[in-house]
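Here's a quick tour in questions and answers. Have a look at the model first, then read on.

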Amino acid sequence: MSFNKITIGDIVENLKEWAKNNKKLMIISHRSPDGDTLGSAFALKLIYEALGGYAQCTCKSEGAPFLRFLYAGQDFITYEEGLEKDFDKIVSVDVAAPGQLGDLIAIKDKIDIMIDHHERGEVFADNYVDGKASAAGEIIYKIYQQLLDEGSIESLPKACARIYAAISADTGSFKFSNVTPETHMIAAKMLYEMAKEGIDHSEIARILHDSYSEKDLQARKVAIDNLKVECDGAFAYVVLTKDILDKEELTDDNTGSVVDIPRSVEGVLVGISIKQNLERENEYRISARSNSDIDVAEICAL
């Protein structure tokens, strides 16, 4: 099946038309949601509501507790079979391939627009995919800015805070190689908008990057204990089996950042974490990070 590549302008026109015609919008995040998918989804929700529409965000799971500030004061719906029947339009955000939809894969053919920033994914709907964007949050910014420039909406500091958080989350607080000059320019604009409501960007950064539960810290300790370094110090990895995770009573919420452990070893060019699925024991999730020009996305796509 072939799908159409669309533009930011197409998305903007669709959103305006849907809101005008009272279309209810479901916004989908990927399973085990991170800061980018949640921040982008809830920013888009606020934007659609500013257009006069009704929107809700949903996912297979709610995500780590520390990310709940991204939907403070808004409803989050954990997906249950048939939920899509209550909505007229569906948009996925930061979902690179159908497999990332989790339980929502059953409705992938009903998705109207796919918004993503991963170069090597699998399109499953009419799509806007910008592989040069550091985060899906950059794409949501472009939607927001066009609507703002044409006067369709007014300034939305709370949406800007979520866009800023989405970008900060997927760039490691602007440390990763996916950061571009445009990333910093967008972040600066978001800071300016956030200041209108006194939103503290440093608190967002602290929550995202410097705040850990006891279980999170325990997960990092387990990762250090199981750290392996190979290839004369150029490659490091951590394997967390179901037995290890069960023994330590750790969940996906606690282990989301363990890939930072092998990546942080001095001299390492590529760091990888391999985690066994707690529900499907024959399935493993691999996260890879590069400290060099090695394209780990290309490797993972093989």
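**Strands, helices and rings**

In strand E6, Tyr128 is the bridge partner of Ile115. This is a predicted model, where local features need pLDDT of at least 70, side-chain atom pairs count only at pLDDT 80 or more, and totals for chains, interfaces and linings use all residues. Residues are numbered from 1 along each chain as its sequence is written, and side-chain values use heavy atoms, with hydrogens and water left out.

Q: How many helices and strands are there in the chain?
A: Both kinds of element are DSSP runs numbered from the N terminus, with at least four residues for helices (H or I) and at least two for strands (E). By that count, the chain has eleven helices and ten strands.

Q: What is the radius of gyration of the chain?
A: This value is taken over C-alpha atoms, and the globule rule is 2.2 Å times the number of residues to the power 0.38. For 302 residues the rule gives 19 Å, and the chain comes close to that, so it is as compact as a globular protein of that length. The radius of gyration is 19 Å.

Q: What is the strand order in the open sheet of six strands?
A: Two strands pair if DSSP finds at least two bridges between them. The pairing in this sheet is parallel, and E3 (76-78) and E6 are the edge strands, each pairing on one side only. The order is E3-E2-E1-E4-E5-E6.

Q: Which residue stands opposite Ile115 from strand E4?
A: Strand E4 (residues 89-93) runs parallel to E5, and three bridges join them. The residue opposite Ile115 is Val93.

Q: Are the residues of strand E5 buried or exposed?
A: Buried means under 20% relative accessible area, exposed over 50%, and partly exposed in between (1.4 Å probe, protein chains only). In E5 (residues 113-116), Ile113 and Ile115 point one way while Met114 and Asp116 point the other way. All of them are buried.

Q: At about what angle does helix H3 run to E5?
A: Axes are lines fitted to C-alpha atoms, for helices over the stretch in contact (heavy atoms within 4.5 Å), and angles run from 0 to 180 degrees between N-to-C directions. Helix H3 (residues 136-149) lies across E4, E5 and E6. Its angle to E5 is about 120°.

Q: Which strands stand at the edges of the open sheet of four strands?
A: This sheet has the order E7-E8-E9-E10, with mixed pairing. Each edge strand has a single partner strand, so one side of each is left without a neighbour in the sheet. They are E7 (227-230) and E10 (284-290).

Q: Which residue stands opposite Tyr237 in E8?
A: E7 and E8 (residues 235-240) pair in the antiparallel sense over four bridges. The residue opposite Tyr237 is Lys228.

Q: Why is the pair of Tyr164 and Phe174 tilted?
A: Rings of Phe, Tyr and Trp (its six-membered ring) pair if their centres lie within 6.5 Å; planes under 30 degrees apart count as stacked, over 60 as edge-to-face and the rest as tilted. The structure holds six aromatic pairs. In this one the centres are 5.8 Å apart, and the pair is tilted because the planes stand at 40°.
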